[in-house]
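Colleague: Hi! Could you walk me through this one?
Modeller: Happy to, here it is.
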Amino acid sequence: MLGLIGAVLAVGISLCWYLPGIRAQGANRVLKRNDYWRTAGVYGFCYTCLLIIVTEILWDVVADRIGLTGLKRDILADFFRAALLEEFFKFTGFLLAKRSLKLRRKIDYIMIAGLIGLMYGVVEKAVLGNIAGVVVGLAIPMHITWQFNQGGHWFEYEEAKARNDRPKMQREMLMAVVLPFVFHGCWDSGLDLSLWLIEKESVTAQVIGGVMSLAMVVLGIVYTIRTIKKVCAIARASEPVISDQEMPEPQNG
């Protein structure tokens, strides 16, 4: 029952962050409803979510056999279980969806990448079965915002590649692929470290942990709001792509 409630809350809260980018496109939307449903089901759930679940279970089995425990295990898991595995499958799921849908506009790269992140965020929070954790986690929807930014940077990477602009290619590749991994690992490890400090008997450690938690919440909210505003601005500025077949015939005379 808690899992069902968590899933409903996760979907509802996630859509509050996701839909503004679609609505801001107005009449200039290119992707159809079926494109979003197919992306969510095939590339978001069947590919990204299921492969993350399987590989993270394997990670846990290996970690148990090695005997990793405590904060050391948490930090390693934050970077190599969560950040590495999750970001790899979210990114490759996005690339598969992008190729299938033949995306051409930056806003569509952004929305499809964000949808992959939304699907994983929903599944992750629903599995927790902790209503408070679902609400708090989705109030700062990092899986959506990381992927929004990733989609935008990957679009810029491909544009730079087409122009053979190598400096920008390298910069955008870094922003699209490396930064989400680093950001994800630091975010999760920061949360684990602050909780570890709060659970200490030392008042000083508890205060430091509390301040860290509060700072991360504030930074997370600011990052989320700025990302959504940027997505909406790109959406409002986007126009439908006209194919060669749709170009009007030149008029003679």
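Modeller: One term before we start: helices are DSSP runs of H or I with at least four residues, numbered from the N terminus. And keep in mind that this is a predicted model.
Colleague: Thanks! What does the protein chain average in pLDDT?
Modeller: The average is 90, and 91% of the residues score at least 70.
Colleague: And where is confidence lowest, and where highest?
Modeller: Helix α5, residues 131-139, is lowest with a mean of 69, while helix α6, residues 142-163, is highest at 97. Also look at residues 244-250, where the pLDDT is below 50. That stretch has 2 contacts in the model beyond near neighbours in sequence.
Colleague: Staying with α6, which helix holds glutamate 156?
Modeller: Glutamate 156 is in α6 itself.
Colleague: Is glutamate 156 buried or exposed?
Modeller: Buried, because its relative accessibility is 17% and the cut-off is under 20%.
Colleague: What does glutamate 156 touch?
Modeller: Leaving out residues up to four places away in sequence, its contacts are Lys106, Lys168 and Glu172.
Colleague: New topic: at what angle do α2 and α4 pack?
Modeller: About 50°, with the axes 9 Å apart; α2 covers residues 33-66 and α4 residues 106-128. The two helices are therefore oblique to each other, and their crossing is right-handed.
Colleague: Which residues meet there?
Modeller: From α2, they include Tyr36, Tyr43, Phe45 and Ile52, and from α4, Met111, Leu115 and Tyr120 are among them. By type, the contact has 14 nonpolar, 3 polar and 1 charged.

Key:
Residues are numbered from 1 along each chain as its sequence is written. This is a predicted model: local features need pLDDT of at least 70, side-chain atom pairs count only at pLDDT 80 or more; totals for chains, interfaces and linings use all residues. Side-chain values use heavy atoms; hydrogens and water are left out. pLDDT is the predictor's confidence in each residue, from 0 to 100. Contact means heavy atoms within 4.5 Å. Axes are lines fitted to C-alpha atoms, for helices over the stretch in contact, and angles run from 0 to 180 degrees between N-to-C directions. Angles under 35 degrees count as roughly parallel, over 145 as roughly antiparallel, 65 to 115 as roughly perpendicular and the rest as oblique. A crossing is left-handed if the near helix is turned anticlockwise from the far one by less than a right angle, and right-handed if clockwise. Ala, Val, Leu, Ile, Met, Phe, Trp, Tyr, Cys and Pro count as nonpolar, Asp, Glu, Lys and Arg as charged, and the others, Gly among them, as polar. Buried means under 20% relative accessible area, exposed over 50%, partly exposed in between (1.4 Å probe, protein chains only).
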